[in-house]
Amino acid sequence: MNHSNTHPVIYQYIAPSPPLREFVRDYLIAHFIFDKGQDIPFKPYSPKPEQTITFLPKGSLTMENLTTGERRVAPVISISGQQVSRYNFYLTSEYQMLRVHFHPGALYRLLRIPLTEFTDCWFDARTVITREIQEVNERLSNCLKYAHMIAVIEDYLLRKIKKVPADSHPLDNIACSILTNPSRFSLDWLAKQSCLCPRQFNRKFSERMGVGPKLYSRVVRFYKAYQYKEAHPQDNWLTIALLFGYSDYQHMVKDFRQFAQVSPNLWVNQDNQSPERILQLE
């Protein structure tokens with residue numbers, strides 16, 4: 001697929017400034033412009049271990065949940081807790097997005113709302129956060145440079161976190177440990193590290209991450225397995241399954257069937273046909 005070199009296209013992860021690193025993992029800016037009449041590839045989306053606020057300054061996004069078959073247009077600004085379903089995203093011919101990826105537990109600290117309220121959905125942020133966030137999106141749509149967009153969002157977030165108590169929880173560090181190595185720790189051992197009984201551990205973890213520790217670990221492991229395959233296409237799936245703590249290949253396939261709705265090979269093939277790959281931006 002060809003695209004004009006005059007089109008401002010980008011798909012880039014950007015690190016936050018030092019004052020925001022406690023809360024923000026990174027930003028993702030995507031800006032695609034397709035020629036009129038050009039086939040626009042859909043973006044396959046499977047669960048990733050992330051909690052986000054997404055701004056859509058230009059264009060719109062139609063989301064199809066492959067589990068339920070439901071199709072809906074995404075809010076202009078959305079809050080997302082932990083996703084657990086496979087989606088297909090359909091973009092308009094011009095599409096611009098800025099997504100804030102928060103560290104585990106940081107979005108809960110920012111909103112003070114249990115993240116179970118935002119699990120597996122794109123929730124309209126304007127119903128939760130003051131009108132100020134709508135003004136942020138309007139400012140983003142008027143930015144002429146991507147660096148200016150980052151400056152706008154950082155200005156907003158810096159003002160927000162000044163009001164957040166310094167109350168990170170041991171569970172946030174535990175979620176970070178799972179994110180680093182999902183198969184290294186038993187959940188019973190992690191519960192002991194949190195100084196909570198297993199029942200409280202599950203409840204508090206769900207409150208801060210949106211799902212329980214077992215499901216969160218499965219999402220992390222699934223995500224890391226296919227990311228590894230895309231980086232090491234020569235490695236076979238059985239090797240990857242064992243590397244990431246699956247008991248065998250079929251054990252891994254079960255997670256792919258749940259989270260991607262397809263087999264491992266088919267998922268990687270679909271992901272490689274994403275707009276940013278077609279436009280050779282990633």
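**Overall build**

The model is predicted. Its chain holds 11 helices and 10 strands. The radius of gyration is 19 Å, close to the 19 Å that the globule rule gives for 282 residues, so the chain is as compact as a globular protein of that length. Along the principal axes, the C-alpha atoms fill a box of roughly 55 × 50 × 35 Å.

The chain exposes about 13,300 Å². Carbon and sulfur atoms supply 51% of that area.

**The six-stranded sheet**

Six strands form an open sheet with antiparallel pairing. Their order is E1-E2-E9-E4-E7-E10. Strand E1 (10–14) and strand E10 (123–124) are the edges, and each pairs on one side only. Strands of a sheet pair through backbone hydrogen bonds, either parallel or antiparallel.

At one end of this order, E1 pairs with strand E2 (residues 24–33). The sense is antiparallel, and the pairing runs over five bridges. Tyr11 stands opposite Ala30 in E2.

**Helix H6**

Helix H6 spans residues 198–209, 12 residues in total. From its first C-alpha to its last it reaches 16 Å, close to the 16 Å expected at 1.5 Å a residue. Gly210 follows H6 and has a positive phi, near 100°.

The buried residues of H6 are Phe201, Phe205, Ser206, Glu207, Arg208 and Met209. An α-helix has 3.6 residues a turn, so residues three or four places apart point the same way. The buried residues of H6 pack against strand E4 (51–58), which is also a member of the sheet. Their other partners are helix H1 (106–111), helix H4 (170–180), helix H5 (187–193) and helix H7 (213–231).

**Salt bridges**

Side chains of opposite charge can pair when their charged atoms come close. The whole structure contains 13 salt bridges. Three of them are listed here.

| Glu135 | Arg131 | 3.9 Å |

Glu132 lies in helix H2 (residues 132–141) and Arg159 in helix H3 (residues 146–161), so the pair ties together parts that are 27 residues apart in sequence. Glu132 is partly exposed at 25% relative accessibility. Arg159 is partly exposed too, at 35%. Both residues belong to a network of salt bridges that also takes in Arg139 and Asp155.

Is the pair of Asp172 and Arg208 buried or exposed? Asp172 is buried, with a relative accessible area of 5%. Arg208 is buried as well, at 4%.

Glu135 counts as partly exposed, because its relative accessibility is 39%. Arg131 counts as exposed at 54%.

Note on methods: Residues numbered from 1 in each chain as written. Predicted model: local features only at pLDDT ≥ 70, side-chain atom pairs only at ≥ 80, totals over all residues. Heavy atoms only, no water. Pairing = 2+ DSSP bridges. Helix = DSSP H or I, 4+ residues; strand = E, 2+ residues; numbered from the N terminus. Expected span 1.5 Å × (residues − 1). Buried < 20%, exposed > 50% of the residue type's maximum accessible area, 1.4 Å probe, protein only. Contact = heavy atoms within 4.5 Å. Rg over C-alpha atoms; globule rule 2.2 N^0.38 Å. Areas by Shrake-Rupley, 256 points an atom, 1.4 Å probe, with all protein chains shown as cover. Salt bridge = Lys/Arg side-chain N within 4 Å of Asp/Glu carboxyl O.
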